[in-house]
Amino acid sequence: MPMDIFKITGPVRLDGEIIVGGSKNAALPIMAATLLAGGKTTLHSVPNLSDIGVMGKLLEDMGCKVETNGGTTTVDATTISKPVGDYEIVRKMRASICILGPLLARCGKVEVSMPGGCAIGYRPVDIHLRGLQELGAKIELKNGYISATANGGLKGANIFLGGAFGSSVLATANVLCAATLAKGKTIIEYAACEPEITDLAHCLVAMGAKITGIGSPQLVIHGVKELKPVEHTVIPDRIEAGTFMAAAAITNGNVKIKNCRLDHLMAAVDKFRSMNVAVEETTDGCVVSSNGNLQPTDITTLPYPGFPTDLQAQFMAVLCLAKGNSIITEKIFPDRFMHVAEMSRMAANLRKEGPHVIVSGVDKLISAPVMASDLRASAALVVAALAAHGETIINRVYHIDRGYEKIEEKLNALGAKIERESV
Ligand code: EPZ
């Protein structure tokens with residue numbers, strides 16, 4: 001893993017136009033869903049990210065042919081010679097778990113390494129396993145692997161997929177994919193409603209699946225005999241868009257964000273407006289501008305359409321410079337506060353109280369050497385560094401490359417001063 005660092009000089013004011021890429025969190029479960037069809041599926045607007053590369057490697061390891069050409073990725077899943085998600089690959093990316101449902105439905109058996117934890121906390125898979133068991137899968141955990149079989153195929157069922165923290169995005173993806181080829185009717189209650197799940201469902205319907213209730217907490221699936229390969233364009237990445245909006249807000253900038261679906265970001269837009277950040281909708285996105293008079297607000301992360309946990313850290317960076325106190329409550333991943341200590345090194349005034357962080361606005365942030373930890377915490381440090389006085393050094397930039405394509409090129413085009421160095 002190359003240990004690149006970012007050197008970011010601030011404060012800057014961002015001005016100009018930026019284009020959002022395809023959604024990482026839609027592309028990953030959709031790439032896994034290509035396993036359901038024996039043939040070559042073509043996906044457009046797939047971002048060029050290390051996580052996407054890991055998913056491609058996982059599919060190739062199973063016997064698929066994966067080709068990437070610019071933003072287009074093709075997956076030929078005609079032959080699946082090894083329905084196994086190998087530890088050496090899965091440990092790099094927790095989202096690998098979403099091959100479980102498609103492989104079980106297509107091959108009747110699958111082995112996937114238990115995904116490791118990650119910086120945002122413990123990542124259990126009990127909801128995934130419970131849902132697949134209710135479809136008739138036999139599941140065993142041994143030597144760190146999940147081994148699932150479905151002799152005689154899967155059978156439709158009424159499944160409640162809620163957990164202690166509400167709905168589960170990738171558990172919904174796994175059970176939804178498995179149900180498309182199960183015998184009979186499946187009802188998924190408390191399905192995740194994230195736009196990435198809606199995009200997955202649209203892709204599955206194009207492949208021949210019978211799904212209703214798309215976008216709602218209740219999905220109804222009538223199993224079919226087989227699915228066919230398709231051509232699908234992945235939705236824009238709402239979290240990348242939200243991250244750029246935060247960068248515009250913290251730098252008192254004026255940024256036109258293109259290829260951005262504001263209807264996927266209404267909770268974030270609502271909070272930006274309460275912080276006195278102007279967000280004007282345009283035909284293909286929005287213009288975000290701030291006049292330096294940022295107001296405090298309170299944020300609680302919730303399943304969609306609530307405020308997205310993947311934007312919590314980026315908003316914390318902006319709220320560090322608001323004129324007053326804000327409270328951020330993390331209800332999805334209560335430990336998702338790796339960025340708090342790092343932002344405090346930049347003179348932010350933060351106090352963690354369990355799943356809450358009190359953000360007391362300060363006049364300015366000051367540059368410091370900081371450490372990236374998880375993907376979104378690292379992006380939040382970039383946002384903070386744009387406004388911090390001096391040169392901020394961000395270590396372990398590979399965390400950022402997992403979810404943001406050429407972030408320094410995109411932001412430098414708006415006036416940022418970010419240098420990437422290999423150390
Ligand atoms: C998806 O992860 C996203 N990843 C995450 O984005 C995102 O933070 C998360 O959804 C919540 O929106 C991808 O889509 C690839 P969950 P996922 O299952 O599906 C608990 C990023 O930065 N839970 O919706 O793994 C879980 O611990 C990443 O791009 C169980 O208890 O998240 C959490 O508290 C980070 N048991 C809550 O549910 C389970 O079996 C929501 O998790 C599964 C989850």
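**Figure 1. Contact between domain 1 and domain 2 in the predicted model.** In this predicted model, 22 residues of domain 1 touch 18 residues of domain 2, with contact taken as heavy atoms within 4.5 Å. Domain 1 is made of two segments, 4-20 and 236-422, while domain 2 covers 24-233. Together the two domains bury about 1,700 Å² between them. Of this buried area, 54% is on carbon and sulfur atoms. The centres of domain 1 and domain 2, taken over C-alpha atoms, are 30 Å apart.

**Figure 2. The ligand between the two domains.** The shell has 24 residues, and the closest are Asp-126, Ile-127, Ser-168, Asp-310 and Ile-332. By type, the shell residues divide into 12 nonpolar, 5 polar and 7 charged.

**Figure 3. Polar side chains at the ligand's oxygen atoms.** A polar side-chain atom of Asp-310 is 2.6 Å from an oxygen atom of the ligand. For Lys-24, an N or O atom of the side chain lies 2.9 Å from a ligand oxygen atom. For Arg-336, the distance from a side-chain N or O atom to an oxygen atom of the ligand is 3.4 Å. On its own the ligand has 820 Å² of accessible area, and the protein covers 91% of it.

**Figure 4. Helices around the ligand.** Which elements give two or more residues to the shell around the ligand? They are helix 1 (24-33), helix 5 (126-134), helix 6 (169-180) and helix 12 (375-387). Helix 5 supplies the largest share, 3 residues.

**Figure 5. Two cis peptide bonds.** Most peptide bonds are trans. The bond from Gly-10 to Pro-11, however, is cis, with omega near 0°. Pro-11 is found in the loop between strand 1 (4-10) and strand 2 (15-19). Tyr-304 and Pro-305 are also joined by a cis peptide bond, where omega is about 10°. The loop that holds Pro-305 runs between strand 18 (298-300) and helix 10 (312-319).

**Figure 6. A positive phi at Tyr-190.** Most residues other than glycine have a negative phi. What is the phi of Tyr-190? Phi of Tyr-190 is near 65°, a positive value in a residue that is not glycine. Tyr-190 sits in the loop between strand 11 (185-189) and helix 7 (195-206).

Notes: Residues numbered from 1 in each chain as written. Predicted model: local features only at pLDDT ≥ 70, side-chain atom pairs only at ≥ 80, totals over all residues. Heavy atoms only, no water. Near = heavy atom within 4 Å. Polar contact = N/O pair within 3.5 Å; in protein donor to acceptor, adjacent residues only side chain to side chain. Areas by Shrake-Rupley, 256 points an atom, 1.4 Å probe, with all protein chains shown as cover. Helix = DSSP H or I, 4+ residues; strand = E, 2+ residues; numbered from the N terminus. Nonpolar A, V, L, I, M, F, W, Y, C, P; charged D, E, K, R; others polar. Domains from an automatic or database assignment. Buried area = accessible area lost by both parts, 1.4 Å probe.
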